[in-house]
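Please consult the sequence and structure shown below.

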Amino acid sequence: MAISSSNAILPFEPHNHSPLLRSENRYLIPLFGQKSDNFRCLERKFTVSKSSLSTRRVLSKTNESLPSTSTGPDLQLQNEEENEEEELKISESENPRLADCWREILGENDWVGMLDPMDPILRSELIRYGEMAQACYDAFDFDPFSKYCGSCRFTRRHFFERLGMKDGGYRVSRYLYATSNINLANFFKKSRRPKVWSKHANWIGYVAVSNDETSARLGRRDIAVAWRGTVTRLEWIADLMDFLWPISSGEIPCPDPTVKVESGFLNLYTNKDGDCRFCEYSAREQILTELKRLIELYPNEELSITITGHSLGSALATLSAYDIVETGLNVMGNGRAVPVCVISFSGPRVGNVRFKNRVEWLGLKVLRVVNVHDIVPKSPGLFFNESVPRMVMKAVEGLPWSYSHVGVQLVLDHKNSPFLKPGGDPACAHNLEAHLHLLDG
């Protein structure tokens, strides 16, 4: 995977995983990785080999009853090969393939029994989708002196190839762009040159679909959506209005007017500019149109929609996933519903408790991966949130500053890693690469 020039890279090797510590409905993972001076100084080599999924190791022994025509070294080698074959058979019989358990991986049972201890297949999938979110950063043009600042540095056809992710088995089917009429200076990047590719739009993510070979391995045709967030800077939080607004006011249909989301997220997702060819249609219209096309393209296949994002991209992932299930876009012509799952990293709160209840009622699955020391998942709703007594939340739920997280939370703690600095600035605790480093162990 190509890494942005702003990040220094150091390779590391995975270590053994420590047991998970469960606290109420949250899971604390003291995992470890390779030493790094800085959270941004990480390069991940994430692989889940057959040996790592094996439940036991069969030791070879010399069999003296075999004919004497086989000498000692040859006999030992033959026994080792036979034992390895037997071990592989045991591993394959005792460990399910991803194709057989993908619904559980996407939260069919709310990840019960999969987080403590961490299921190895789930761990691998979290890292894989995290890499897709990281690709948004690696491909984004941050250079203010480039006329293409704010766009993607690569074409759709060569997106994964240029990022070193060609073997991932996905192809990008559409890029997503957004504009906003509120000040998001720390999220929207603009060129300082007089002639630019767009004055108002920013590239904000992509839609990708798995190829035939990968679909066979996954057990379904996976439609993945990745939303761009913020690399490390946290000032974007101050840019938000921090004000709840009815979700139905943003063109998203909802029968309950008390279901509200943060107005800045809603604005970014639904705003458009008719004078710009990149954001003539809102980010909402772009993603819904593309998903509808892809679902109709594969009417007879098993499908899934997996949406990921980091930081602000996490909020957009949750909002867009809600939009998909609320509008019924994931329901195929034969009445079969395509599973929709959100895998988010370092995401803020998106809406109020009524939004949370609506998400649960619709059956939308959300798995939030957070660092316990990160301030972003604690915002907005610093004082009135899901952690206060229920009676208090009931009394203040009508206030525009009362928020509640959705889904299941998986908590990481970088201070439990001997290879990451326990201190440092808050931006390091928010870094996506640090999250993936901890997940990989």
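Are F140 and W203 buried or exposed? Both F140 and W203 are buried, where buried means under 20% relative accessible area, exposed over 50% and partly exposed in between, with a 1.4 Å probe and protein chains only. This is a predicted model, in which local features need pLDDT of at least 70, side-chain atom pairs count only at pLDDT 80 or more, and totals for chains, interfaces and linings use all residues. Residues are numbered from 1 along each chain as its sequence is written, and side-chain values use heavy atoms, with hydrogens and water left out.

**Aromatic pairs and charges over rings**

- The count comes to 14 aromatic pairs, a pair being rings of Phe, Tyr and Trp (its six-membered ring) with centres within 6.5 Å; planes under 30 degrees apart count as stacked, over 60 as edge-to-face and the rest as tilted.
- F140 and W203 form a stacked pair, 6.5 Å centre to centre with 20° between the planes.
- F140 lies in the loop between α4 (120–139) and α5 (159–162) and W203 in strand β4 (residues 202–210), so this pair ties together parts that are 63 residues apart in sequence; helices (H or I, at least four residues) and strands (E, at least two) are DSSP runs, numbered from the N terminus.
- The pair of W227 and Y269 is edge-to-face, because the ring centres are 6.3 Å apart and the planes stand at 70°.
- W227 belongs to strand β5 and Y269 to helix α8, so their pair links parts that are 42 residues apart in sequence.
- One aromatic cluster is formed by F140, F142, F159, F160, Y175, W203 and Y206.
- The charged end of R228 sits over the ring of F140, 3.8 Å from its centre; the rule requires NZ of Lys or CZ of Arg within 6 Å of the ring centre and within 35 degrees of the ring normal.

**Helix α8**

- Eight of the eight residues of α8 (residues 263–270) are buried, so this helix is largely enclosed by the rest of the structure.
- At the start of α8, a side-chain oxygen of E262 reaches to within 2.6 Å of the backbone nitrogen of G264.

**D222 in strand β5**

- D222 lies in strand β5 (residues 221–227) and counts as buried at 0% relative accessibility.
- Beyond its neighbours within four places in sequence, D222 is in contact (heavy atoms within 4.5 Å) with residues including Y129, Y170 and S304.

**Cysteines**

- The count comes to zero disulfides, a disulfide being a pair of cysteine sulfur atoms within 2.5 Å.
- The sulfur of C136 is 8.4 Å from the closest cysteine sulfur, in C152, too far for a bond.
- C136 is buried, with a relative accessible area of 0%.

How values were computed. A polar contact is a pair of N or O atoms within 3.5 Å; within protein, one must be able to donate a hydrogen and the other to accept it, and residues adjacent in sequence count only if both atoms are side-chain atoms.
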